[in-house]
Amino acid sequence: MKRIALLGMPNTGKSTLFNRMTGGAARVGNWPGITVELLSGKILLGSDMVEIIDLPGIYDLHGFSDDEQVVRHFLRDNVPDLTLVILNTTQIERQMSLLLQLKQLDMNIVVVLNMADEAKKFGISVDVETMSELLEMPVFLLSAKYGSGYPEAMQAVVKALRYPTPGMAEELRSQLEKDEQIEAEMSHVLKNTVQIPVQLSDRLTERLDSIMLHPWLGLPIFFAVMYLVFQGVFFLGQPLQGLVGDLLGWFREAALDPLLGGLPQAAQGLLLDGIYNGVTTVAAFVPIIVLFFLFMAIVEDSGYLSRAAFLMDALMSRLGLDGRGFVMLLMGFGCNVPALMGTRVMRSRAMRLLTMLVIPLSLCSARLQVFIFFTAALFSAQAAPVVLFSLYLFSFATAILTALIFKGRFKNNEPFVLELPPYRFPTLRQMVLRGWLEVRHFLRRATKFIVAGVVLVWLLTNLPPSAAPASADTWAGMIGSALHPFFAPLGINEQLTIALIFGFIAKEIVIGALAVIYGLGGDALGGAIGQQLDWVQAYSFMLFTLLYTPCLATIATLQSESKQTSFTALSLAWSLGLAWLVSFVFYQGARALGY
Amino acid sequence: MPPLLNPGGIMSSITLTTLHPGDIATIVAIHAEEALHLRLLALGFRNGKQIEMIRKASFSGPLQVRIGTTDILLRRIEATKITVKKL
């Protein structure tokens, strides 16, 4: 099968063109010579199936950033039959250098000048025919977003694919001496073909920025925008999550329970409470991920994410992170899973890993449910909000501490020099496609892992068959008593230790697990726990719950996004160690003070 | 960083960081290590090019500058490596 590689600088609409070409039928895959996965899609072009590969956006073929190396290694080990080079027409005077670098590799190239719609608005005109002659390559003006010029460009692609690729120079030549030559050629081509008005005619971006990036108003506006996005995602998402849960619960009662009723008790439990509950756990994340990426597509594609980086960088650079990491950290307070997936906007791997190490410490909505239950059971109505607030403070403080401790280890070597794109309207198509692709990615990567984890915990809390579920006689109970020496110094008893084992799956089920363990539900459970524990023990338990591994889905996502088991293990070990240490210091300190 | 003296000229060269919003200058020199240098080149930073300071973020945050049709964000630490001459 022939291969077409899409190549261009960041912010050229490369992904939009990729989505238009593949219609969203894309998958991520591994390629020889590179360690990151690339998005690719197979489509029928002309009469043949071809594979289209979306390469990361790069500024310079000879640069040293992670993405630039990926592209070089990809081209070296997987020479494409055709390279479709995408340039942003509104910035053509500096983007052409990349094209000319590629031209020197003697590859089969078709050039598309994207964002024809914006260029027209700016008053930029391009003489495509002359440019094509000067470059000795086919050149097409199009708008990937709206589709104008697209059919003509595709015809040229089909035609260009008929010719064999000329092959590539044995080794990528040292570019530095050639820079001058490239510059001279560039100015020659541009002078004869492109007219750019002295003053750009689009002042809307400038007017918006004078408010959005205002020295005093910028930050309040940023927090207001983040608040709205957060509310949008999680207040729309939670009812949807409830609905998905109800539907799956109804399906279980109406279809699965009667169908499996004839099976022995243990097999029923394994199938329903193990496997089916695992599927339910996975499904619960779907609405949140779709909504999160719908909203993130707006924030990102509109150009606001780069503005957020501008506003928050002063603080975040001291933590070894950047402004975009802050956005993801905030989103983690809703749900860690999509926030971890969202770190893909960061192109420096070291910084991305550091951000991924910090995000699981964000107090997500599932943990909040546990805390609300415990504060209601153990604290007065006046004290409860203060207790909750203090947990948020602990969450922020541990996130900052983690960043400070690990910023030396995950040292970001890429300079913080970013382009600030003009404000753009994202299309609905772009948003929906993004949400759909991300959900599919999550389902493919995390489902098996999560279902296996849920089954494992079910086995632990139900075996041996003679023991009452979740009691001290089960394997989980035995693990609980074996771990007791570790948890006793934190004031956490054996029942709560078993609940923590459940909490490993998802924090949403901690209260349900306690109900099974104590054999009580609702207010009665709260009363029993309130009688058994004092506030110091309860707060220590909450601190541990806040900091230790958020849930199986988070671990699965850490692994699928970092593709590095040692990193996932580090994140797990760090959060467990930190949870133990913080709870220990709190519990022993409070007891020493006489509480 | 103190302003660099320009031995031959009347005007002294200054670093990009010292420009105020609205100031327009010409790039005189880029003293950056290779990775940063290449990134700056790719974004349009070249000796002799005109550069406009658009705004500076609060709390010693990054700068927004404009070269040609491109707006660029960069940190002050990186901007001190770029010498400019105010127009």
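Modeller: Chain A has 24 helices and ten strands, where helices (H or I, at least four residues) and strands (E, at least two) are DSSP runs numbered from the N terminus. This is a predicted model, in which local features need pLDDT of at least 70, side-chain atom pairs count only at pLDDT 80 or more, and totals for chains, interfaces and linings use all residues. Residues are numbered from 1 along each chain as its sequence is written, chains are lettered from A and ligands numbered from 1 in the order in which they are written, and side-chain values use heavy atoms, with hydrogens and water left out.

Colleague: Why does chain A count as compact as a globular protein of that length?

Modeller: The radius of gyration is taken over C-alpha atoms, and the globule rule is 2.2 Å times the number of residues to the power 0.38. For chain A the radius is 28 Å, close to the 25 Å that the rule gives for 595 residues, so the chain is as compact as a globular protein of that length. Of these residues, 56% count as buried, meaning under 20% relative accessible area, with exposed over 50% and partly exposed in between (1.4 Å probe, protein chains only).

Colleague: What is the volume of the second largest pocket, and which element gives the largest share of its lining?

Modeller: On a 1 Å grid over the protein atoms alone, a cavity is a set of points where a 1.4 Å probe fits but cannot get out, and a pocket is an open set with protein on both sides within 12 Å along at least five of seven lines; lining residues have an atom within 4 Å of a point. Points are joined across faces, edges and corners, and a volume is the space filled by probe spheres set on them. The second largest pocket has about 970 Å³. Among its 41 lining residues, A:Asn277, A:Thr281, A:Ala506, A:Glu508 and A:Ile509 are the closest to its centre. H10(A) gives the largest share, seven residues.

Colleague: Is A:Thr461 buried or exposed?

Modeller: A:Thr461, in helix H17 of chain A, counts as buried because its relative accessibility is 2%. Beyond its neighbours within four places in sequence, A:Thr461 has contacts (heavy atoms within 4.5 Å) that include A:Pro469 and A:Phe502.
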